[in-house]
Amino acid sequence: MASSEESATKKLDLQKVMDRIAEASKQVVSGVEAGTVENWVTIYIMGRAYQVPADLTILTAMEYAGYKFVRGVGCRQGFCGACATLYRKEGEYKLQAGMACQTRVEDGMYLVQIPFTPAEKPSYDIAELDYDVNTLFEYYPELARCVSCNTCTKACPQDLEVMDYVQAGIKGDFGDLAEESFDCIQCGLCAIRCPSEIVQYNVAQLGRRLYGRYDSPEPEHLTNRLEEIDEGKFEQALDEITSLGREELEKMYAEREREQE
Ligand code: FES
């Protein structure tokens, strides 16, 4: 049976998770009083002009303008890749890409959200695949069409060297492919811009999975955590929370401990 100290730790962990959910769900633009805003900019959302406070991100500016996101938003912190945006600044020919939650609006900015990339994503059983470059080409033959134009790298809001990791994949260097693509948030912007129609982020995901299964050292912390799960370390905490009613959950949520900033 778990000690009361262990039980308190589990509750604290649970509250941290709930805290993060609350942060992500926060109404970012609620309470903005137009009279208190000193600087305004005009942006164009799908061609229509809106005046919005100058210091907002594209995401919050769109909400300010009245758009309600059902898709195309998630973490609001630049991690989930859901809020891909294409935009062009006034007077510039260049079409730029970024994450709406991480990019500030500018006067005269034209923008459109790309909440989904219709990219090819084959199914496979990683346990049945060969650890070989031919596996990448089997699932993504378009890799052979890479013209090394570097457009994917320029489109990446994470500043990843996308073309380099694609080239590493083509050479069968799974270690480099995994390393260089590790911070990919799968927003899809590289694939949207690629003239060879490569789905770079899905290629990288397959490469990382192969590398992780066949070549990377086993992480000790993961082994320990899997043992803890097998031993039932978290079952009591899960049972506790799933047995609570709505009122109790809301009370627990309201009384949760918050991380100090
Ligand atoms: S909402 Fe998750 S990256 Fe922008």
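## Domain organisation

Domain bounds here come from an automatic or database domain assignment. The structure is a predicted model, and its chain is divided into domain 1, covering residues 39-113, and domain 2, covering residues 126-214. Between the C-alpha centres of domain 1 and domain 2 the distance is 28 Å.

## Contact between the domains

How many residues of domain 1 are in contact with domain 2? Eight residues of domain 1 take part, and they meet seven residues of domain 2. On the side of domain 1 that touches domain 2, strand β4, formed by residues 96-99, gives the most, with three residues.

The class make-up of this side of domain 1 is as follows: five residues are nonpolar, three are polar and none is charged.

## The pair of helices α5 and α6

Helix α5 spans residues 162-170 and helix α6 spans residues 174-181. Their axes come within 7 Å and cross at roughly 160 degrees. Because angles over 145 degrees count as roughly antiparallel, this crossing makes α5 roughly antiparallel to α6. The crossing in which α5 passes α6 is left-handed.

Which residues make the contact between the two helices? From α5 the contributors are D164, Y165, A168 and G169, while α6 supplies D176, L177, E180 and S181. By class, the residues of this contact of α5 with α6 comprise three nonpolar, two polar and three charged.

Definitions and conventions
Residues are numbered from 1 along each chain as its sequence is written. This is a predicted model: local features need pLDDT of at least 70, side-chain atom pairs count only at pLDDT 80 or more; totals for chains, interfaces and linings use all residues. Axes are lines fitted to C-alpha atoms, for helices over the stretch in contact, and angles run from 0 to 180 degrees between N-to-C directions. Helices (H or I, at least four residues) and strands (E, at least two) are DSSP runs, numbered from the N terminus. Angles under 35 degrees count as roughly parallel, over 145 as roughly antiparallel, 65 to 115 as roughly perpendicular and the rest as oblique. A crossing is left-handed if the near helix is turned anticlockwise from the far one by less than a right angle, and right-handed if clockwise. Ala, Val, Leu, Ile, Met, Phe, Trp, Tyr, Cys and Pro count as nonpolar, Asp, Glu, Lys and Arg as charged, and the others, Gly among them, as polar.
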